[in-house]
Amino acid sequence: MAAGGVFDVFRDRGKLRLDLPSLAAVDKHEFPLIFIIHPETKTKMADKEESHEILGLKLAPLKIPMQRRLQMLGVLHFWYIFMMSIGTVILLLAVLAFKGYYLTVLGLILWAYIDRDTPLVGGRRSHWLRGWPLFKYMVDYFPYKLIKTVELDPEGTYLCCLHPHGITGLSIFANFATEGTNFSEMFPGITPYPMTLHGWFRFPIIRDYLMASGLCSVRKESVDWILSRPGAAAAIIVGGARESLVSKPGTNRVVLNCRKGFIKRAIINGASLVPVYSFGETDMYEQVDNEKNPWLKQLQLRLTKIIGVAPPLYHGRGVFNYNAGLLPYRVPIHTVVGKPLPVEKNSEPSNEEIERVHAQYVEALTEMFEEHKLKYGLTEDDKLEIL
């Protein structure tokens, strides 16, 4: 055995952990342990030491490295786009109309109408925008790591099925709508098409920004268009809005038993199903336990059916504090892209065929979860819950 051992120590939501499966085999008398603290971890620990607490609010120190300020800016950008942008666009149009700029307002609305089919045919991506340094800072905030397990053949077509949704669904944006985790470099010849609710593309200005990042409508005609092109990888968060309502730290729940539409699209187009799991996605936020408040859960489910977006009651951290706010906690997230599950093409699949392929996919996802869970912060007792 070597004369020394080196292990990397990470900070994970207030507790230290070693990035290796077990220390049981280590004999302290046989060789000394040398612990090297990861640079990012060292900065986080220093922040905690310098922080002050007032009335239960843990304030962040004023002196924070510029690198971390930029990482915060990257996350703020994402939070603004998906939480505030629609309201901002509506307000902007109202102000322009009030100021008398009727032709500007009319032009923006008319363009959204004329261009309404573009989100259904691959969108209008900008490689320049996808490569913004801001997205690198956003990814490094956690940090996100994209894990490649196998090569993807550029001649094939793929339906990447992302799990879990988490509160905000950030994994699909970070890994597929930007080059923050170097998707194109990791999977050469593969064009990612992250998909979201079609309603986003009804609003002027923001629709063009989302399409520039590669986002497309999740309608079935859009999925079919993408999966008809070699080298295309449609990316869908299968659990959707409902899955965000079961997203809580320390859980591994995916809404999948009732989701069969993505299986049908894969069979119709003969696209391979690729399981993608983000370990740590559910640790970003704390959420009010709706299991203990049945009335809250019913209200959330009803609103989800009406507006298509789940309204979870959650909190994370703030810009200037560590324990109150709507920004995510800094937790490491590993997005594992699994082995493609080949699917035989059939333009008219039967219910029995859909059920059979669905069962195969659930098995493939479970196997991938079990294979990688110990590498990325989970224990042998942690299991994937299929809801």
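The expected span of a helix is 1.5 Å times one less than its number of residues. Helices here are DSSP runs of H or I with at least four residues, strands are DSSP runs of E with at least two, and both are numbered from the N terminus. The structure above is a predicted model, in which local features need pLDDT of at least 70 and side-chain atom pairs count only at pLDDT 80 or more, while totals for chains, interfaces and linings use all residues. Residues are numbered from 1 along each chain as its sequence is written, and side-chain values use heavy atoms, with hydrogens and water left out.

Let's begin with helix H3, residues 85-98. Its 14 residues should span 20 Å at 1.5 Å a residue, and the end C-alpha atoms are 20 Å apart, so the two values agree. Ser-85, Val-89, Leu-93 and Leu-96 of H3 are buried (buried means under 20% relative accessible area, exposed over 50%, and partly exposed in between, with a 1.4 Å probe and protein chains only). Seen down the axis of H3, these buried residues fall within an arc of 80°, so they line one face of the helix; the arc is that of the directions from the helix axis to the C-beta atoms. On the other side of H3 you will find Leu-91 and Phe-98, which are exposed. The cover over the buried residues of H3 includes H2, helix H4 (102-114) and helix H9 (206-212), where contact means heavy atoms within 4.5 Å. After H3 comes Gly-100, with a positive phi near 95°.

The 18 residues of H2 should span 26 Å at 1.5 Å a residue, and its end C-alpha atoms are 25 Å apart, which agrees. Its buried residues include Arg-68, Gln-71, Val-75, Phe-78 and Trp-79.

A cavity is a set of points, on a 1 Å grid over the protein atoms alone, where a 1.4 Å probe fits but cannot get out, and lining residues have an atom within 4 Å of a point. The model has 1 cavity of 30 Å³ or more, and the largest cavity holds about 40 Å³ of space. A volume is the space filled by probe spheres set on the points, which are joined across faces, edges and corners. Val-75, Phe-78, Trp-79, Thr-168, Leu-170, Tyr-285 and Pro-328 line the largest cavity. Helix H2 (residues 66-83) gives the largest share of this lining, 3 residues. By class, the lining has 6 nonpolar, 1 polar and no charged residues.

## Backbone details in the loops

Most residues other than glycine have a negative phi, and most peptide bonds are trans. Here are some exceptions to look for. The peptide bond from Phe-142 to Pro-143 is cis, with omega near 0°, and Pro-143 sits in the loop between helix H6 (133-140) and strand S6 (144-148). The bond from His-163 to Pro-164 is cis too, with omega near -20°; Pro-164 is in the loop between strand S7 (158-163) and helix H7 (170-176).

Asn-182 is not a glycine, yet its phi is positive, about 60°. Asn-182 lies in the loop between H7 and helix H8 (183-186), and is partly exposed at 30% relative accessibility. Ile-205 also has a positive phi, near 70°, and is found in the loop between strand S8 (191-196) and H9.

Conventions:
1 Å grid on protein atoms, 1.4 Å probe; cavity = no way out; pocket = protein on both sides within 12 Å on 5 of 7 lines; lining within 4 Å. Nonpolar A, V, L, I, M, F, W, Y, C, P; charged D, E, K, R; others polar.
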